Amino acid sequence: MNKKLKYFIETWGCQMNEEDSEKLSGGLKPLGHERTDKKEEADVIVYNTCCVRENAEQKVEGNLGALKKLKKEKPETVIAITGCMMQQEGMAEGIIKKFPYVDIIIGTHNAYKFNEYLSRALGGERPIVEVWNKEDDIIEGQPIDRASSIKGFVTIMYGCNNFCTYCIVPHVRGRERSRQPEQIENEIRAMVKEGYKEITLLGQNVNSYGKGLEPEINFAQLLRRINKIEGLERVKFMTSHPKDLSDEVIEAIAECDKLCECIHLPVQSGSSRILKKMNRHYDREQYVELIRKIKERIPNVALTTDIIVGFPGETEEDFEETLSLVKEVEYDSAFTFLYSKRKGTPADLMLDQVPEEAKKARFNRLVEAVNEISAKKNKAYDQKVVEVLVEGLSKNDDSKLAGRTRTGKLVNFAGNKENIGKLVNVKIIKAQSFSLVGEEV
Ligand code: 5AD
Ligand code: SF4
């Protein structure tokens, strides 16, 4: 690969996928290739796909369809697809049939070899369709081109062993495997040296970090080790599974100065009956008790969650229980999803699917309740002084700065541009439903 190319990467889905894309870019940049955000001028177009819900797949297909014209005009453009969607059985073959102008199809397990596939495609071997159905050992030391130079993701574990009955993730991301703590610490130390202030530890289920590692280590112990890294200011993590969030982890957050007071704790449903059908391994009472413990030990904690509406068999009563749970917990924010059938998952075969209309009506009611509570939670910040990590200029008004509190709240504020990348104190002068407005003090 001698020619310098322009590459375009579009990413759908979760932070894991974003991090994977940062690694794809990290592999291409050192070869002298240049990233572009204009598809039309790219020599290489990469789609990093998601399949957690059907609409994520529809978006990818829509985008692939739209490339037909571009490929006709510029046939030398390399079109590559990777990510979770490709990892599903029969998907790669289906895609190449439907979109024969795609040049490279690879899965999540072999995406780390992207440069190799690209050079083969540039050498004339097209199409290349290669999806590994088993995860390799963890690949360490991959270069990474992070989207921000202030805060960044650090994956601590890959895969998931939980098999929630609606979820495709374990089928496409493979079994749980954890990185060695030293590798994680080294990566974070290197980031701190470059000026990073905040890291978010990533995993489908970070609380089961460490299983199978020698010598033994658990997530709370990892957190305490990371908390000792000098120069690092903030540590966040996601995602936590309620069944595995231990007292030890809660204690670590309460005690360690760098661990931020925010926990993303997907509940999925407020009905114990539905939670059982989802194979979540906790019931409503256990979840509520966990929340009580968290709030007691970490008084200013911000809690966020994921909720699925319309899981098979969900009755009006079950849904009411979700609504009442949302009101009881008072989440700072919640990601709400319409249940989406995924091939290969047990829930797809359940006969009591909820009609679309009912799903949508419940969804709207839930969103309304969630938003009302978010607004109320934000109100509590009014007139308070909070620590903000300044991430850059405000999106809607570039005379202002934007950053986030330790609890993850977006703050737009008047302040000194020289403080971008630093922690500053900001007085909140107006609390809006989805963000806060303030001024540096
Ligand atoms: N339908 C709807 N939402 C889903 N999620 C996972 N699978 C599905 C599905 N089949 C949601 C869960 C999970 C989040 C990442 O996506 O709420 O926590
Ligand atoms: Fe999917 Fe459940 Fe694993 Fe999360 S814990 S990735 S929802 S199977």
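The model is predicted: local features need pLDDT of at least 70, side-chain atom pairs count only at pLDDT 80 or more, and totals for chains, interfaces and linings use all residues. Residues are numbered from 1 along each chain as its sequence is written, and side-chain values use heavy atoms, with hydrogens and water left out.

An unreviewed UniProt entry lists C14, C50 and C84 under "binding site". These three span 71 residues in sequence, yet no two of their C-alpha atoms are more than 10.4 Å apart, so they gather at one spot. UniProt positions follow the numbering used here, feature names are shortened, and annotations may be inferred rather than shown by experiment.

C14 sits in the loop between strand 1 (6-11) and helix 1 (15-28). Helices (H or I, at least four residues) and strands (E, at least two) are DSSP runs, numbered from the N terminus. C14 is partly exposed, at 33% relative accessibility. C84 occupies the loop between strand 4 (78-83) and helix 3 (91-98). C84 is buried because its relative accessibility is 8%. Buried means under 20% relative accessible area, exposed over 50%, and partly exposed in between (1.4 Å probe, protein chains only). Beyond neighbours within four places in sequence, C84 contacts N17, T49, C50, C51, T108, V172 and R173. Contact means heavy atoms within 4.5 Å.

The unreviewed entry also applies "binding site" to C160, C164 and C167. C164 belongs to the loop between strand 8 (157-158) and helix 5 (169-173). C167 also lies between strand 8 and helix 5. Both are buried: C164 has 8% relative accessibility, and C167 has a relative accessible area of 15%. With neighbours within four places in sequence set aside, C164 touches H241, M278, N279 and R280.

How many disulfides does the rule give? The count is 0, where a disulfide is a pair of cysteine sulfur atoms within 2.5 Å. Take C256: the closest cysteine sulfur, in C260, is 11 Å away, so it is too far for a bond. C256 is buried, at 8% relative accessibility.

Finally, the helix pair. The axes of helix 10 (residues 284-297) and helix 11 (residues 316-329) come within 11 Å and cross at roughly 10°. The two helices are therefore roughly parallel to each other; angles under 35 degrees count as roughly parallel, over 145 as roughly antiparallel, 65 to 115 as roughly perpendicular and the rest as oblique. R284, Y287, V288, I291 and K295 of helix 10 meet E321, S324, L325, E328 and V329 of helix 11.

How values were computed: Chains lettered and ligands numbered in written order. Axes fitted to C-alpha atoms, helices over the stretch in contact; angles between N-to-C directions.
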